[in-house]
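This report describes a protein chain from its overall makeup down to single residues. Please keep the sequence and the model in view while reading.

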Amino acid sequence: MSTKDSTPQEETQLPSVKASKEMNEVLRVAFDKCAKLIGVSEAQKELGFAAQIISKSPTLQKCNAQSVIDAVVNSSRVGITLNPSLRLAYLVPRKGIATLEISYMGLITILKKSGGCKYIEAFIVYQDEAFQYNPAEGTLTHTIYYATTEAEQKQRKIIGCYSRAVLLSNEVVFCFMPMWEIEKVKRFSEGSDSKWSAWTNWEEEMIKKSVIKRHFKTLVSNAEIAEVIEALRIEEENNPLVKSSPKKNMFDFNFEE
């Protein structure tokens, strides 16, 4: 018998959400599903993180029960942890529905684990920095300027963001998005103006995530494994564009529409 099935349900001790009997039942159901995907030991850890997150959020506690189960289980499906200290993924309440929000660091982790690249990172470009990008030649130079005070940093204007990926062949490739295009992504993202929105709470992360997600379009074809495909499917379902269009291939991230 495998490790995933070796521990009887009644012997498993799970963390609980205080003053919420219904939510504890929800976590039990989520645990059973996660255990089948990642094993009992890892599922206990992830449900501990989930209980910790939910306990601190009265709004999450009021979310639809099935959506909470789905959000927690989705993290196991894509192999990403809910550990708050790592900031790879979040449980986010949206109009009574709990969703899994994968951060840009989470997307990077999934892509690196899949073998799509050796390394990938995103960098924000400010107006007061020396920056040149030639997409035809695939060259990019960026001299980073570090503000000396928080006040100075807040006054700086962002002109765009780029990602730099090192492929398995050691080739370096870039993807750049100007800020007007990133703002368009934000404007078309459902619920982006909500106080719970990632755009409201983690703006710099979402800027980087926008370009990382676009870069996936060219990198994922070399690493179409289940975790990557599932991560992108979840991203599209949980972060739909307000302006709907005919159903397209899941990797067709056309932000211009």
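**Basis of the description**

The model is predicted; local features need pLDDT of at least 70, side-chain atom pairs count only at pLDDT 80 or more, and totals for chains, interfaces and linings use all residues. Residues are numbered from 1 along each chain as its sequence is written, and side-chain values use heavy atoms, with hydrogens and water left out.

**The chain as a whole**

The protein chain contains 10 helices and 7 strands; these are DSSP runs numbered from the N terminus, with helices being H or I of at least four residues and strands E of at least two. Of its 257 residues, 47% count as buried. Here buried means under 20% relative accessible area, exposed means over 50%, and partly exposed lies in between, with a 1.4 Å probe and protein chains only. Contact means heavy atoms within 4.5 Å. Among contacts between residues at least 6 apart in sequence, 61% join residues at least 24 apart.

**Helix α4 and its surroundings**

Helix α4 covers residues 65-77, and its 13 residues reach 18 Å from the first C-alpha to the last, close to the 18 Å expected at 1.5 Å a residue. The expected span is 1.5 Å times one less than the number of residues. At the start of α4, a side-chain oxygen of N64 comes to within 3.0 Å of the backbone nitrogen of Q66. Just after the helix, G79 adopts a positive phi of about 70°.

The buried residues of α4 include V68, I69, V72 and V73, as well as N74, S75 and S76. S75 has a relative accessible area of 1% and is therefore buried. Beyond neighbours up to four places away in sequence, S75 touches I80, L82 and L100. Leaving aside neighbours within four places in sequence, S76 is in contact with C34, L37 and I38.

**The pairing of α5 and α9**

Two packed helices are described by the angle between their axes and the distance between the axes. Helix α5 (residues 104-114) and helix α9 (residues 203-219) pack at an angle of about 25°, with their axes 8 Å apart. This makes α5 roughly parallel to α9, a label given to angles under 35 degrees, whereas over 145 counts as roughly antiparallel, 65 to 115 as roughly perpendicular and the rest as oblique. Axes are lines fitted to C-alpha atoms, for helices over the stretch in contact, and angles run from 0 to 180 degrees between N-to-C directions.

On the α5 side, Y104, M105, L107, I108 and L111 take part; they meet E205, K208, K209, I212, K213, F216 and L219 of α9. By class, this contact has 8 nonpolar, no polar and 4 charged residues. Ala, Val, Leu, Ile, Met, Phe, Trp, Tyr, Cys and Pro count as nonpolar, Asp, Glu, Lys and Arg as charged, and the others, Gly among them, as polar.

The buried residues of α5 are Y104, G106, L107, I108, I110, L111 and S114. In α9, 13 of the 17 residues are buried, so this helix is largely enclosed by the rest of the structure. The end C-alpha atoms of α9 are 24 Å apart, which agrees with the 24 Å that its 17 residues should span at 1.5 Å a residue.

V211 lies in helix α9 and is buried, with a relative accessible area of 0%.

**Strand residue Y133**

Y133 belongs to strand β4 (residues 130-134). Its relative accessibility is 28%, so Y133 counts as partly exposed. Y133 touches T139, L140, F174 and F176, apart from residues up to four places away in sequence. Y133 and C175 are 42 residues apart in sequence and 9.5 Å apart in space, C-alpha to C-alpha.

**Residues with positive phi**

| Residue | Phi | Note |
|---|---|---|
| G79 | about 70° | just after α4 |
| G115 | about 90° | just after α5 |
| R87 | about 55° | not a glycine |
| N170 | about 75° | not a glycine |

R87 is found in the loop between α4 and β1 (89-94) and, at 41% relative accessibility, counts as partly exposed. N170 sits in the loop between β6 (158-166) and β7 (172-178).

How values were computed:
Polar contact = N/O pair within 3.5 Å; in protein donor to acceptor, adjacent residues only side chain to side chain.
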